[in-house]
Amino acid sequence: MAKGKPFLEILASSLHGDYKFPVLELLAFLFMLSSLLFAYSGHEPPGTPEELAVMNLSKSLLGLPLFILVMLLLKNVTTGIGSDLERGTIQTILVYPLRRRSILTAKLFSAVLVAVLLFLGIQITALWILAPDMVSANPTAVFLTYVAHVSPTLLIAGLTLLFSLILRKGSAAFVVGLMMFFIVTMLASLVSFASQAMDSVFLWQLYSLINPSEALHYHYVSLSPYGPHFWSPVLSEVLLYVGASYAITSFLFVLSYLYFCRRLSV
Amino acid sequence: MSKRWITLLSRTGTVLMAAGLALVLLSMIPPRKVDQSDFFGAAILEPETFIIDQTYLFEPLTPQNGLYMNIQVNSSTTLYVLNLGKEYVYHWILARFPEIQLSSALNASLLEEFLSAHPDSAARREDLVGETVMQHVPSRLMNVTVVFSNRSMQTASVSYRGKLLNFIVPSERALNPAKFVVPIGFALTIPWLISAKKRMVAKPLGNVVQASGAMPQKSRKAEAQ
């Protein structure tokens with residue numbers, strides 16, 4: 001058997017399980033439809049920097065599709081990996097002449113990477129269809145907006161994966177993941193209120209470690225002559241938060257790999 | 001071609017078709033009028049003069065907010081949609097010709113001078129004859145100035161009505177990529193359609209073989225296992 005063949009076998013079976021016809025097609029349809037349906041290029045006051053307008057437009061496209069992506073990732077991670085553990089089908093997969101880390105990579109490639117690539121591909125296409133000149137003139141703003149907004153989603157996926165492996169129950173891990181998503185979303189309002197009450201940006205800085213989109217938002221708003229200047233992080237600071245959030249996410253995935261490869265007994 | 005490649009190509013094709021169909025659906029949704037955005041105007045243009053529309057357009061247009069105008073002229077006139085704000089155009093003119101009265105028609109050579117100094121400023125240029133309907137939706141945030149220019153030797157009369165339209169996505173912008181994406185998606189599914197048809201043709205034959213008592217090779221193998 002060729003070296004890559006077992007990997008492809010597991011990948012193909014995971015893809016088949018995660019995206020049965022017509023799941024992928026419906027997702028593509030919904031991503032495109034909801035992206036453009038909720039797009040809002042708004043009335044920006046004169047003097048608004050175009051980066052801020054691009055970020056606001058991208059954020060308007062992200063709303064519902066990002067929620068669909070979170071649900072999709074939770075479903076894929078918990079039913080693809082969690083349920084394999086729950087039902088014991090993981091034993092069949094472990095029979096393949098393949099290292100455990102390669103098995104998990106194949107599973108994650110299908111569960112996370114395909115979904116994220118589909119999401120980003122359709123989002124950026126939709127943005128380009130709507131405002132081609134804005135996108136081509138501000139690629140950095142578009143790139144940073146998406147990188148910053150996808151980060152907490154991946155963080156939740158990483159946490160859910162870890163819980164799936166530890167709990168060995170897909171449904172329980174799904175609920176935990178869902179709760180994490182709501183907590184991360186609600187934290188933004190809580191942090192906003194508390195920061196202003198305490199007149200300190202420390203909570204925002206802390207929150208930006210898991211959701212750097214807030215730091216990016218304040219960075220671009222601070223460029224506008226009309227925006228509030230409660231917190232004005234510079235671009236390098238924003239990049240630091242983005243890097244930190246991806247480092248935390250990577251750490252969670254590494255923990256999952258370590259647990260799956262060394263601690264998980266089946 | 002292996003079955004796996006056919007599946008991969010066909011799924012890519014169906015995804016492209018699904019995304020394309022969403023675009024087609026969105027392109028069919030008509031625009032709505034922006035509240036209180038109606039404007040109208042009329043002017044007599046002496047030969048070799050131009051006027052700047054003095055009415056509504058003070059807010060920048062967006063990729064979803066476009067300008068719709070119905071214009072009537074009695075003589076050949078040129079319409080320019082400049083992607084610069086009125087204030088900028090006025091400042092530029094006044095900086096060079098402080099004595100000029102901006103409320104009246106200006107010499108057409110001044111417009112030529114402005115356009116040669118700002119070669120990318122004309123987002124749209126249209127020669128108007130009789131009644132014309134014009135729709136302009138920019139692809140970025142844009143201040144807009146509408147200019148009517150009469151380069152002929154006859155006096156021209158211009159009257160216009162306009163409004164701002166709000167789009168989910170301008171239909172042309174949604175349809176143009178869909179025109180490519182849907183056929184490409186369909187082309188990618190053709191190998192799968194062919195193999196599906198072959199399977200459908202082969203299936204009844206297999207049934208006939210089974211009915212006659214002979215077992216298909218695959219079943220015999222499975223039985224041996």
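Reader: Which residue is the bridge partner of Ile52(B) in E9(B)?
Author: That partner is Val147(B). This is a predicted model, where local features need pLDDT of at least 70, side-chain atom pairs count only at pLDDT 80 or more, and totals for chains, interfaces and linings use all residues. Residues are numbered from 1 along each chain as its sequence is written, chains are lettered from A and ligands numbered from 1 in the order in which they are written, and side-chain values use heavy atoms, with hydrogens and water left out.

Reader: How many bridges pair E3(B) with E9(B)?
Author: There are 4, in the antiparallel sense. Two strands pair if DSSP finds at least two bridges between them. Strands (E, at least two residues) and helices (H or I, at least four) are DSSP runs, numbered from the N terminus. E9(B) covers residues 145-150.

Reader: And what about E6(B)? How many bridges join E3(B) to it?
Author: 2 bridges, and those strands run antiparallel. Phe50(B) has Leu106(B) as its bridge partner there.

Reader: Which way do the residues of E3(B) point?
Author: Thr49(B) and Ile51(B) point one way, Phe50(B) and Ile52(B) the other.

Reader: New topic. How many residues of chain B are in contact with chain A?
Author: 26 residues of chain B are in contact with 31 of chain A. Contact means heavy atoms within 4.5 Å.

Reader: How many salt bridges are there between the chains?
Author: The count is 3. A salt bridge is a side-chain nitrogen of Lys or Arg within 4 Å of a carboxyl oxygen of Asp or Glu. One of them links Glu9(A) and Arg4(B), with the closest N and O atoms 3.6 Å apart.

Reader: Last one. Why is H10(A) largely enclosed?
Author: Because 9 of its 11 residues are buried, the rest of the structure largely encloses H10(A). Tyr218(A) and His219(A) are among the buried ones. The cover includes H3, H7, H8, H9 and H11 of chain A.

Key
Buried < 20%, exposed > 50% of the residue type's maximum accessible area, 1.4 Å probe, protein only.
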